Amino acid sequence: MEDHPLLANAIVELLDSTPGMKVSGVARTGAEALELAGRDTITVVLINYRLPDMTGAAAASAVRAAVPDTAIVFHTADESETAILDAIDAGAGAFLTRTATADQYVEAVRRAAQGEVLIPVALFARAISRQSRLAAEQGQREKLLAEFTPRELDVLRELSRGLDTTAIATQLGIALHTVEWHLRHVIEKLGVHSKLQAVVAAARLGIIDL
């Protein structure tokens with residue numbers, strides 16, 4: 001899949017003209033990719049990191065959940081560590097940049113179909129490290145969530161919307177001093193020193209959405 005039609009067409013022509021390969025279809029969105037993968041017997045999905053309706057990583061995860069044996073090859077202009085690690089997390093066996101040659105595309109698809117992984121081991125080590133860190137943050141999030149009362153979370157969410165204490169009191173139908181009492185507890189539990197820091201810390205931990 002690719003968000004640039006000309007490149008998509010070129011890749012289709014390249015792979016379709018390669019002996020032993022057949023392109024089953026082209027999907028412009030993650031939803032189309034999932035539908036295509038579920039309809040046909042797909043060995044390899046070549047997917048762009050950025051799609052109109054979702055990230056390539058989310059689309060790849062959905063495809064692999066529906067068709068577990070499908071190999072995933074990413075291709076993208078984004079060579080950031082985040083993009084590469086997201087691809088690994090989604091089960092990618094190869095990661096191609098826009099500078100990849102035609103031969104590299106063919107080789108990556110062929111070897112992915114054979115179950116080979118072309119991503120350097122060092123990148124897997126970094127991916128594992130990131131997963132461990134995220135797991136630790138998730139554990140911290142769950143621990144904090146257990147410490148917050150439902151009303152404290154309500155106050156925190158309203159605070160994240162930019163409301164001041166008076167507006168929060170009005171929105172939640174509680175007294176102003178009650179809001180201030182809850183905010184003191186929220187700040188203490190998050191280990192910060194201000195309401196702004198509380199919002200930032202809660203958002204980083206995934207306790208609230210900004």
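**Entry 1: the largest pocket**

I looked up the lining of the largest pocket and found 28 residues, of which Lys22, Val23, Ser24, Val44 and Leu46 lie nearest its centre. I took a pocket as an open set of points on a 1 Å grid over the protein atoms alone, where a 1.4 Å probe fits, with protein on both sides within 12 Å along at least five of seven lines; lining residues have an atom within 4 Å of a point. This is a predicted model, in which local features need pLDDT of at least 70 and side-chain atom pairs count only at pLDDT 80 or more, while totals for chains, interfaces and linings use all residues. Residues are numbered from 1 along each chain as its sequence is written, and side-chain values use heavy atoms, without hydrogens and water.

I noted a volume of about 580 Å³ for the largest pocket, a volume being the space filled by probe spheres set on the points, which are joined across faces, edges and corners. At least two lining residues come from each of α1 (5-16), α2 (30-39), β1 (44-48) and α5 (102-113); helices (H or I, at least four residues) and strands (E, at least two) are DSSP runs, numbered from the N terminus. The most, four residues, come from α1. By class, I recorded 19 nonpolar, six polar and three charged residues in the lining. Ala, Val, Leu, Ile, Met, Phe, Trp, Tyr, Cys and Pro count as nonpolar, Asp, Glu, Lys and Arg as charged, and the others, Gly among them, as polar.

**Entry 2: α8 and α9**

I then turned to helix α8 (residues 165-172), which packs against α9 at an angle of about 110°, with the axes 8 Å apart. Axes are lines fitted to C-alpha atoms, for helices over the stretch in contact, and angles run from 0 to 180 degrees between N-to-C directions. The two helices are therefore roughly perpendicular (65 to 115 degrees; under 35 is roughly parallel, over 145 roughly antiparallel and the rest oblique). Thr165, Thr166, Ile168 and Ala169 in α8 meet Leu176, Val179, Glu180 and Leu183 in α9, contact meaning heavy atoms within 4.5 Å.

**Entry 3: α9 and α10**

I found that the axes of α9 (residues 176-190) and α10 (residues 195-204) come within 10 Å and cross at roughly 55°. That angle makes α9 oblique to α10. In α9, Leu183, Val186, Ile187 and Leu190 meet Lys195, Ala198 and Ala202 of α10. I counted six nonpolar residues, no polar and one charged in this contact.
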